[in-house]
Amino acid sequence: MAKLYTGKDGRLLIDGTEQIKVASWSLSASLEVLESTTLGDDQRTYVPGVQEFNGSASLLYYNDGTGRNDAATALKKVLKIGAVAEADTVTLTLRLVEGSTNHDVELTAYITSVSFGASVGEITKAEISFQGTGALTTVTI
Amino acid sequence: MAFPTLQPTGRDFDPGTYPVKTFRAQSGAETRILYGNQRTGMTLGLSYDNILDTEADDFLAHFDEVQGTFQTFTVPSDVRSGWSGTDSAIDVPSPNAWRYESAPVITSVRPGVSSVKVKLVGVL
């Protein structure tokens, strides 16, 4: 059946836990290419270099009544007392749902920046940016 | 093994010069003495960007084979790729031959890929 995907189909999982009140996420992938054009060539040629993955997400700062606040958990990956350790990675799963089928991109990443604030008349959100480290672990889009 | 038969990604050539010594008198008169009839001292710089490591190590093998900067050798026509002038114009004129001016410099770019820079000098 034909299907257009919308934000309603989007999910974000951090370390396997589906985040509540996610407003948006985005992922960007890029490939560095290395020029291999030699003297005498008429067209430029390239060989693949290294890949890079990064993105961002926006979570509502929301307490579900049981003390769970996913936005706060994500914020505390960077807003912490003491240094960020090499082991402080998260497994991010960026998902589009189609019935019982999940279209996933999964990667290991560092949360590289977080921001949140409070404004009159607005819902407080936590904006996070992440930088992938290593290869993607799942791609089922 | 011979000098690697790869097409460079960059090349610079200095044609060298004739062995001339110039003397200038206090009056300003200049006297030049030509000590030889062969142009020499030409230099050839070659860049091989983003080549396979297995190709890059051919330069090290060749550098070993000619005992570094000691022995002379000829270079294949591949080093002149892209040059539409006379081949001999950017090669060593006989009886000159090339030798390494310094060891090849290998820069690792990513796993399996390196860039190599080679500097040759023409000597009699």
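B:Gln67 sits in the loop that links H1 and S5 of chain B. In this predicted model, B:Gln67 has a phi of about 55°, a positive value even though the residue is not a glycine.

- The peptide bond leading from B:Ser94 into B:Pro95 is cis, and its omega is near 10°.
- As background, most peptide bonds are trans, and most residues other than glycine have a negative phi.

**A positive phi in chain A**

- A:Asp15 is another residue other than glycine with a positive phi, in this case near 50°.
- Where is A:Asp15 found? Its place is the loop between strand S1 (10–14) and strand S2 (17–18) of chain A.
- Is A:Asp15 buried or exposed? It counts as exposed because 10 other C-beta atoms are within 10 Å, and 12 or fewer is the cut-off.

**Overall build of chain B**

- Chain B contains 1 helix and 7 strands.
- Read from the N terminus, the order of elements is β-β-β-β-α-β-β-β.
- Chain B is more spread out than a compact globule, because its radius of gyration is 18 Å, well over the 14 Å that the globule rule gives for 124 residues.
- The C-alpha trace of chain B spans about 65 × 30 × 25 Å along its principal axes.
- Of the 124 residues in chain B, 23% are buried.
- Among contacts in chain B with a separation of 6 or more, 72% come from residues 24 or more positions apart.

**Where chains A and B touch**

- Chain A brings 10 residues to the contact, and chain B brings 11 residues.
- On the side of chain A that touches chain B, the elements giving two or more residues are strand S3 (22–35) and strand S4 (46–60) of chain A.
- S4(A) gives the most to that side, with 3 residues.
- By type, the residues on the side of chain A that touches chain B are 4 nonpolar, 5 polar and 1 charged.

Notes
Residues are numbered from 1 along each chain as its sequence is written. Chains are lettered from A and ligands numbered from 1 in the order in which they are written. This is a predicted model: local features need pLDDT of at least 70, side-chain atom pairs count only at pLDDT 80 or more; totals for chains, interfaces and linings use all residues. Helices (H or I, at least four residues) and strands (E, at least two) are DSSP runs, numbered from the N terminus. The radius of gyration is taken over C-alpha atoms; the globule rule is 2.2 Å times the number of residues to the power 0.38. A residue is buried if 20 or more other C-beta atoms lie within 10 Å of its own, exposed if 12 or fewer, and partly exposed in between; C-beta atoms are placed from the backbone. Two residues are in contact if their C-beta atoms, placed from the backbone, lie within 7 Å. Ala, Val, Leu, Ile, Met, Phe, Trp, Tyr, Cys and Pro count as nonpolar, Asp, Glu, Lys and Arg as charged, and the others, Gly among them, as polar.
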